Structure formats: C-alpha cells, structure tokens
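User: I would like to learn how to read a structure like this one. Where do we begin?

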Amino acid sequence: MKNKIAIASAFIAASSLATAEIVINDFLSFEGFIDMSYQHGDIDSDDVSVASGSDNSFQVDQVEIDWLFDFDPVTAQIDLAYYGSDAAGNAGFDNEGDVIVEQAFATYHFEGDFEGSAVTAGRFASMLGFEAFEPTGLYQFSFAYDYSILPGYSEGVKYTYESDNTFFGASILSSYADDQGYTGRLGGSGDSNWAAEIAGAYSMDNGVSLFLGGYYTDADADNDFTNDSNVDGETWVINAYATFETGAWLFAAEVNYGDSESGAFGLDAEDGTLYGSTIGGAPYSINSDDATALSGLLMANYAYSEQGSVTARLSYEERSLDNATAFSGSDPAFPDVDAGDVDAEQYKATLAHSWAFTDNLLLVTEISYIDGESDLDNGLEDEDFDGVLGAVELLFSF
C-alpha cells in the first residue's frame, strides 16, 4: 500500500468503510473486498477512428483477498486478486478474468535505535501517486488518469522509515516496463530492465502534508522499434502532491512529469480515446523513443455526515512524442508509418458521491466529462472528441 500520512483519517470519516482485518489467530488474519459496478458511456467524435455512440456494462470489477502474517518482528502479505475486463487496464494488468498474485512480500521491522525502519522484499506496490491502487482507497469510482505514467507493482527490495509525521522510502526493482516486452531481470543479456524509486513525505501540524518522489528505469533491448516497441533508453518520472485537511474538508493537488527514451509513453489504439490514428481504416498505435508526459489533478472532498461525502476532481493528461512511429501490428497490409511529431491532451472533470450503508457496504455514484484532442503529422487523422461516463459502484469490504 502506498504511504498516506494525512488523508487516512479523512477517508475513514468520509466513507465509514471498515478497514480492520478478520483475525484467525495470533499469527494470521485476512481482509479484502468485492467491487462491482454499472457503467454507461457516451462519446462524440469527429473522426472515424473513434466511433461516436454509447455503451453499457455491468460487471464485477475486482475481488481481492489479502492474507496477513505476523511473526514479530517479521510480517508478510499475500494479495490474491481477480480483475474484470475494464478494471484490469486501470490496474496495469492485461490478464483480466484470471486470479493473480497482486502482491507477495515479507517485511522485517527494526526495533531499538532503528525503530520505524523496515526492509521489504518481494512483489509490492509503488510508493508514488496520490490516488490509491484499490477502490477501497479512492474518493470516487474512476481513476484520474486514463494513461497514467505512474508505476504500479514490481518485484524488488525496499527500505522505508516512518514516524508520526515523516516518511521516507527507497527501492530497487526488477522492472517498471513489463508491458513493453522487457523481462525485468535487473540487467543481463537480451531484453531486460531495472528500476529505482525514492519517495519522502512530511505532515505538518496545521493539516498540510507534502509528498515528493520519483522513479528511474533503464531498458536494454536487442532491437530498436518493433511492434512490441522495444528500444534502449532511460525513463524517469517525478511525482509531487500536497494535501490539506481541515474539519470535514480534504483538498489535494498533484503534478507528474516524465521523460522517456524507451517507448514508455506510447499511445495504444486499444487502450482508449486519447488520440485518433487511422490509415486505410486500420487503427494504429503510436510510439517514440523521445517522449515527454505531463499530468496532474485538483480534488476536493467534503464529508457532510458520518455516512456521506461529495468529491469534485479535475485532471489533465498531455503527451508529446517526437519523430514517432505508427504501427498496426503484424499485418503486412498495414506497414509501419512515420507519424512525425504527435501531441495529445485530455481533460477530465469528475463529480462523485459516496454513501456508507454500513461499516462494510459503500455505494459510490459518479459522473465524469472528458474532452480530448490530438495533433498528428504525415497523413494521420487528428482527433477531437468529448464524452460522458456515468457509474454506480457497490463496494463490500471485510
């Protein structure tokens, strides 16, 4: 779980959602949740690559059971998760419909002069980002970023130090680029990748908390651009956010900036509608070994009672790809195309309401408006679209 110094109490007050685990014995306990939703979306586009129309869906988005072990001073955790088709992409997984090991790690907690320090090894979540990875930690249904440049889960070793108002963490990881075809072996021959992450936070007595972190990853591939987008190069991202908690109000602001030489910020035609690109009617994915990305959010949450809260959020995403390549897959009828310089941006405005029926059952309703456009060269079609997403989410936690 990501470190959240100031906002934990605000979320509990806003949702009244239970977070205590079920204790089996002195050494073993577990917790988890079932997340399901109904979604309706409408999109209006001026380009044939993104068809205008509407869609409805009802599904179980995610089911998770977390097994917690406590053999003081050693603790461990194993998270088993099932993702529905829509939720899998948001979580960074491609194998929707399968049960996966989301996290599996062991932690040694130091005592005495080093109390507050811990070393963790295994598969665990990134420390970066204001928004949590799990629906039990979100203030609304959807994520702020549809094309997030922030990392998700990886294997490695992490050191953390935490006190009442400070947090510091640093980790060495096998990879943050698995979706690009890298095997994540901490270097070596063939396609491989390694990453490092560092983060720090400080919480003030006046309700203000500050967070600053980032990651660096170095990719080593045998080939330049292929349809798997494997290229040598470095990627780095800086993440900073601030929160202010006063009474029943919580305010948050976040900014992310990154630079990639390894194709980490590509735009996939199957992932969404941030850009449009068709050649002869075929959708093309676009990537570049010289790309930058910028994103950010502003959020306000008001808990008007012990059961209910309202959240308003505005988020923004932008990507600039220089000398990009467009490819549609392995079909020889649609060869790779020089896409030139590509610029794409998207705004998202969200209004959500949460109501806790009980300590374990939460209902979230949301409506989001999305507006995006792109500017592409060399015959690729520009895109200008807007859309509306409505969702009703029922979240049961234990």
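Analyst: We begin with a term. A nonpolar patch is built from Val, Leu, Ile, Met, Phe, Trp and Tyr residues with over 30% relative accessible area and no salt bridge, their side chains joined within 5 Å. Keep in mind that this is a predicted model.

User: Which residues make the nonpolar surface patch here?

Analyst: The patch is made by F27, F71, V74, Y108, F110, F114, V119, V157, Y159, Y161, F168 and I198. Together they form about 1,100 Å² of nonpolar surface. Strand β7 gives the largest share, three residues.

User: Where is F27 found?

Analyst: F27 is in the loop between β1 (22-23) and β2 (28-45). Its relative accessible area is 45%, so F27 is partly exposed.

User: What surrounds A121?

Analyst: First its place: A121 is in strand β6. A121 has a relative accessible area of 37%, which makes it partly exposed. Setting aside residues up to four places away in sequence, A121 touches A104, F105, A106, G156 and V157. V157 is also one of the patch residues. For a distance, take Y108, 13 residues from A121 along the chain: the two C-alpha atoms are separated by 9.0 Å.

User: Let me step back. How many helices and strands does the protein chain have?

Analyst: It has two helices and 20 strands. The chain counts 398 residues, and 45% of them are buried. It exposes about 17,800 Å², with carbon and sulfur atoms supplying 56% of that area.

User: What share of the contacts comes from residues 24 or more positions apart?

Analyst: Among contacts in the chain with a separation of 6 or more, such pairs account for 63%.

User: How do I read the nonpolar core?

Analyst: The general idea comes first. In soluble globular proteins, nonpolar side chains tend to be buried together. Now the case here. The largest nonpolar core has 32 residues. F130, I286, M299 and V342 have the most contacts inside it. Several strands supply at least two residues each: β9 (192-203), β10 (208-220), β11 (233-246), β12 (249-260), β16 (291-303), β17 (308-327) and β18 (337-356). Strand β16 gives the most, with four residues.

User: Which residues is M299 in contact with?

Analyst: Leave aside neighbours within four places in sequence. M299 is then in contact with F130, Y139, Q140, L250, F251, A252, T311, A312 and R313. There is also a second, separate core of seven residues. That core includes F33, A356, L362 and A391.

User: Now the charged pairs. How many salt bridges does the structure hold?

Analyst: Side chains of opposite charge can pair when their charged atoms come close. This structure holds three salt bridges. One joins the side chains of E155 and R123, at 2.7 Å from N to O. E155 lies in strand β7 (residues 153-162) and R123 in strand β6 (residues 117-125), so the pair ties together parts 32 residues apart in sequence.

User: Which salt bridge involves R313?

Analyst: The side chain of R313 meets that of E131, at 2.8 Å from N to O. E131 sits in the loop between β6 and β7 and R313 in strand β17, so this pair ties together parts 182 residues apart in sequence. Both E131 and R313 are buried.

User: What does the side chain of D146 meet in a salt bridge?

Analyst: It meets K348, at 3.6 Å from N to O. D146 is in the loop between β6 and β7 and K348 in strand β18, so the pair ties together parts 202 residues apart in sequence. D146 has 33% relative accessibility and counts as partly exposed. K348 has 4% and counts as buried.

User: One last case. With which side chain does S209 make a polar contact?

Analyst: With the side chain of S203, at 3.1 Å. S209 is found in strand β10. Its relative accessible area is 8%, so S209 is buried.

How values were computed
Residues numbered from 1 in each chain as written. Predicted model: local features only at pLDDT ≥ 70, side-chain atom pairs only at ≥ 80, totals over all residues. Heavy atoms only, no water. Core = buried A, V, L, I, M, F, W, Y, C linked by side-chain atoms within 4.5 Å. Buried < 20%, exposed > 50% of the residue type's maximum accessible area, 1.4 Å probe, protein only. Contact = heavy atoms within 4.5 Å. Areas by Shrake-Rupley, 256 points an atom, 1.4 Å probe, with all protein chains shown as cover. Salt bridge = Lys/Arg side-chain N within 4 Å of Asp/Glu carboxyl O. Patch = residues over 30% accessible without salt bridge, like charges linked within 9 Å, V, L, I, M, F, W, Y side chains within 5 Å. Polar contact = N/O pair within 3.5 Å; in protein donor to acceptor, adjacent residues only side chain to side chain.
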